[in-house]
Amino acid sequence: MTQVTSPDGTTIAYDRLGAGTPLILVSGASVHRRADAHIAEALAEAFTVYNYDRRGRGDSTDTKPFAVGREIEDIGALLDAASHERGGAALVGLSSGAVLAARAAAVLPVSALVMWEPPFMTDDAGRARAEEYTRDLNARLDAGDRDGALETFMRYVGVPDEAIAGARQSPYWPAGTALAPTLAYDDAAMGEGSVVPADVFGRITAPTLVLAGGASPQFLHAGARAAADAIPDARLEVLEGQTHDVDAQVFAKALRSFFEV
């Protein structure tokens, strides 16, 4: 594990592995870097991978008050750490982390951007549901109810009741509740109603690949397509047979093709 210090003093922990074109892996909601270790390891067969704990997670610290701009500054600190690598660093974002990565790519000098299934809402029902989630999540967190916040998130992403009940009895639950405050960080990155921020994405100039899984729900396909449409010259690809929990080797193969390595 290595650390960098963000401009506001937050310590950001990361693992550096592999050799090749440098990639910074930006995780999604409710996980720390160890949850993405299998993806980082698969990518490390062809790339230099910076797999980091977003602020408030794992071995990274946090500084209040939160702002999406501070998470972008964290990525900037990692880009500085990777500045000695050949060709600069690309951002690879997973789920809501893909949205954070894209916001960073709009203002930071990245070599490329890869987005895996950004969960944008593209219809009125989806946007209303996203707004309700924001209200419920923040109410739980404001009340100090981390259990309720985690349950609210799990229901929002479609986890069945019986699976939530099982999770409460598993080793995952204490780790998940510890990360619950950062659910608001991902929600803030998604933006109000989880709508594609076309004005922001329109400023991205780095080569961009947006990926979706062929076996994923239709709303994730629609969200990926909307993101690709908003980013100049972005490429949209579907990985057949893949769900939101993408196979690491299939994902790595798609990136090797995109980066031609």
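This is a predicted model: local features need pLDDT of at least 70, side-chain atom pairs count only at pLDDT 80 or more; totals for chains, interfaces and linings use all residues.
Trainee: What order do the strands of the open sheet have?
Mentor: The order is 1-2-4-3-5-6-7-8. The sheet has eight strands, with mixed pairing.

Trainee: Which strands are at the edges?
Mentor: Strand 1 (2–5) and strand 8 (235–239). Each pairs on one side only.

Trainee: And how many degrees is the twist?
Mentor: From one strand to the next, the twist averages 25°.

Trainee: Let's start at strand 1. Does strand 2 run parallel or antiparallel to strand 1?
Mentor: Antiparallel, with four bridges joining the two. Strand 2 covers residues 11–18. Q3 has A13 of strand 2 as its bridge partner.

Trainee: What's in the hairpin there?
Mentor: Five residues lie between strand 1 and strand 2. In that hairpin G9 takes a positive phi, near 95°.

Trainee: How does strand 2 pair with strand 4?
Mentor: Over five bridges, in the antiparallel sense. Y14 has its bridge partner, Y52, in strand 4.

Trainee: Where is the parallel part?
Mentor: Take strand 3 (residues 21–26) and strand 5 (residues 90–94). They pair in the parallel sense over four bridges. The partner of L23 in strand 5 is A90.

Trainee: New topic: helices. What does helix 3 touch?
Mentor: Helix 3 (residues 96–105) packs on the sheet. It touches strand 3, strand 4 (47–52), strand 5 and strand 6 (113–116). Its direction makes about 150° with that of strand 5.

Trainee: And helix 11, which strands does it lie across?
Mentor: Helix 11 (residues 248–259) lies across strand 3, strand 4, strand 5, strand 6, strand 7 (208–213) and strand 8. It runs at about 155° to strand 7.

How values were computed. Residues are numbered from 1 along each chain as its sequence is written. Side-chain values use heavy atoms; hydrogens and water are left out. Two strands pair if DSSP finds at least two bridges between them. Axes are lines fitted to C-alpha atoms, for helices over the stretch in contact, and angles run from 0 to 180 degrees between N-to-C directions. Contact means heavy atoms within 4.5 Å.
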